[in-house]
Amino acid sequence: MNCLKKICITLFLFLIIFVSGCTSTYASTIPDTYSSACLLMEESTGKILYSKNANSIMYPASTTKIMTAILTLEKCNLSDTAVVSHNAVFSIPSGYSTASLVEGEVLTIEQLLNVLLIPSANDAAVVLAEHIAGSVEAFSDMMNANDAANVLAEHIAGSISSFATMMNTKASEIGCTGTHFVNPNGIHNENHYSTAYDLALIGKYAMQFPTFKEISSKTRYTLPITNAYSKEDRIFNTTNDLIKPNYSSSPTNYYYKYATGGKTGYTDPAGQCIVATATKDNISLIAVTLHGDFTEDNLSQRALDCKALFEYGFNNFSMVSIAQKGDVASNMKVPNATKDSSSLDLLYSDDIYAFVPNGFDTSSVTPNIKLSSTFAPIAQDTVLGTISYDIDGSNYSCNLLASHEVYKNQFAKTAMELSLLLIFLILLSKVLKRKKRRKNYRKKPKK
């Protein structure tokens, strides 16, 4: 009996060690992904955590609409209105999603953005593009242009001849090198392409707009009654399964509780695409998957890939504090300062956090301090230089501020003034003596 007990205890301990080892191995294992191209990026730093064919040219499908949204948010007010053109309604090929917009319908930019990003309405993209670029003729060679994109183009740029040119210019400004847009919605065109890395940059740029973050996180939207559409029956659901709450245990439940938004895409040539975002604690991630399909079990590869990438990022990386605002970074002696104020602390102007792999030792990192000319007098909180850290391939920096007011030492000035005064008195004394001699010489009687 005792022997059996010992065997059971041994097996139990072995099981605990085995499970712990498996858990640790899983947490540090780079995930396998289905999609042809994938990328995982940390949003605040742009650090790449996972990359698979990230610079390969791919068709982006409706993830294109992120760029249309960016230009709209930069060039329009949400309360501005745009008119749905004939081209916006009738230029969308069969099989592509629309918001059932009506020719002559007047909609606000905010309404158009909602149907652009939530149900991925291609007509809304054309309307926006026409509104921003200012001419329908600019899209005469784009048989697949969106009505929403056209409206936006006319409204914003007016005299700009091509919304696609605006898109490509903005992509270049953001840092994209493998992207070329020819329409505002992603309707298939062989000359319309991007890369997983470029789309991550575009997604990162879009996340700086609170309106984009708010709209892309919605799961449902109703387009209200307008001048040309009298019913409130245009109800749209998000195409992003990662943010749809779902309490079923079905394998097709792709809901991910940390997902915050993004934009999906699909055409037959492009396959399943997505630029997805997720936030856990103080870490925000961007995942891009392109040219996905369905598994043998008929499961969405892009959804499975995103969840695997997000879990990998959250489980294996951390945001750690390097310094806090107001902490002392260094101390210096200020030349020509008074004795009481010459010892000056240099303070961090902001918090510094570094995004690093779990277990990374940040204590051994040496800061690089660059100071400007530091001579008294110095006012409190004056920027005196910068401090930076190169950590795991990324640079983190902030300004250095003066902790207190530094007063100029007046001794040298006083000594100089006294010296000048003494010289003046000596010269004056000599002049007076000389005058006195002359006077005495004149008074001396002649023999």
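This section describes the secondary structure, sheets, helix packing and selected residues of a predicted model.

Local features were considered at pLDDT of at least 70 and side-chain atom pairs only at pLDDT 80 or more, whereas totals for chains, interfaces and linings use all residues of the predicted model. Residues are numbered from 1 along each chain as its sequence is written, and side-chain values use heavy atoms, with hydrogens and water left out.

The protein chain contains eleven helices and 16 strands. Helices (H or I, at least four residues) and strands (E, at least two) are DSSP runs, numbered from the N terminus. Of the 447 residues in the protein chain, 45% are buried, where buried means under 20% relative accessible area, exposed over 50% and partly exposed in between (1.4 Å probe, protein chains only). Contact is defined as heavy atoms within 4.5 Å. Among contacts between residues at least 6 apart in sequence, 64% join residues at least 24 apart.

Two strands are taken to pair if DSSP finds at least two bridges between them. β7 is joined to β8 by eight bridges in an antiparallel arrangement, and the two strands form a hairpin with three residues between them. Within this pairing, Thr267 has Gly271 of β8 as its bridge partner. β8 and β9 also pair in the antiparallel sense, over eight bridges, and Lys280 has Ile283 of β9 as its bridge partner.

A further open sheet of five strands has the order β11-β12-β16-β15-β14, again with antiparallel pairing. Here β11 (328-333) and β14 (368-371) stand at the edges; each has a single partner strand, so one side of each is left without a neighbour in the sheet. The twist in this sheet averages 25° from one strand to the next. β14 runs antiparallel to β15 (residues 383-391), to which four bridges join it, and Lys370 stands opposite Thr386 in β15. Strand β12 (residues 343-348) includes Leu347, which counts as buried at 17% relative accessibility. Not counting residues up to four places away in sequence, Leu347 touches Gly326, Asp327, Val328, Asn399, Leu400, Leu401 and Ser403. The C-alpha atoms of Leu347 and Asn399 are 8.2 Å apart, with the two residues 52 apart in sequence.

Helix α8 (residues 196-206) is largely enclosed by the rest of the structure, because eight of its eleven residues are buried. The buried residues are Ala196, Asp198, Leu199, Ala200, Leu201, Ile202, Gly203 and Ala206. They pack against the helices α2 (65-75), α7 (163-174) and α9 (210-216) and the strands β1 (37-42), β8 (271-280) and β9 (283-292).

The axes of α2 and α7 come within 10 Å and cross at roughly 90°. The two helices are therefore roughly perpendicular to each other (angles of 65 to 115 degrees; under 35 degrees counts as roughly parallel, over 145 as roughly antiparallel and the rest as oblique). Met67, Thr68, Ile70, Leu71, Glu74 and Lys75 of α2 meet Phe163, Met166, Met167, Lys170, Ala171 and Ile174 of α7. By class, this contact has eight nonpolar, one polar and three charged residues; Ala, Val, Leu, Ile, Met, Phe, Trp, Tyr, Cys and Pro count as nonpolar, Asp, Glu, Lys and Arg as charged, and the others, Gly among them, as polar.

Ser85 lies in the loop between β3 (81-83) and α3 (86-90) and is buried, with a relative accessible area of 14%. Its side chain makes a polar contact with the side chain of Glu130 (2.6 Å). A polar contact is a pair of N or O atoms within 3.5 Å; within protein, one must be able to donate a hydrogen and the other to accept it, and residues adjacent in sequence count only if both atoms are side-chain atoms. Ser300 lies in the loop between β9 and α10 (301-316) and counts as buried at 6% relative accessibility. The side chain of Ser300 reaches the backbone nitrogen of Ala303 at 3.3 Å. Leaving aside neighbours within four places in sequence, Ser300 is in contact with Tyr254, Gln272, Asp293 and Phe294.

Key. Axes are lines fitted to C-alpha atoms, for helices over the stretch in contact, and angles run from 0 to 180 degrees between N-to-C directions.
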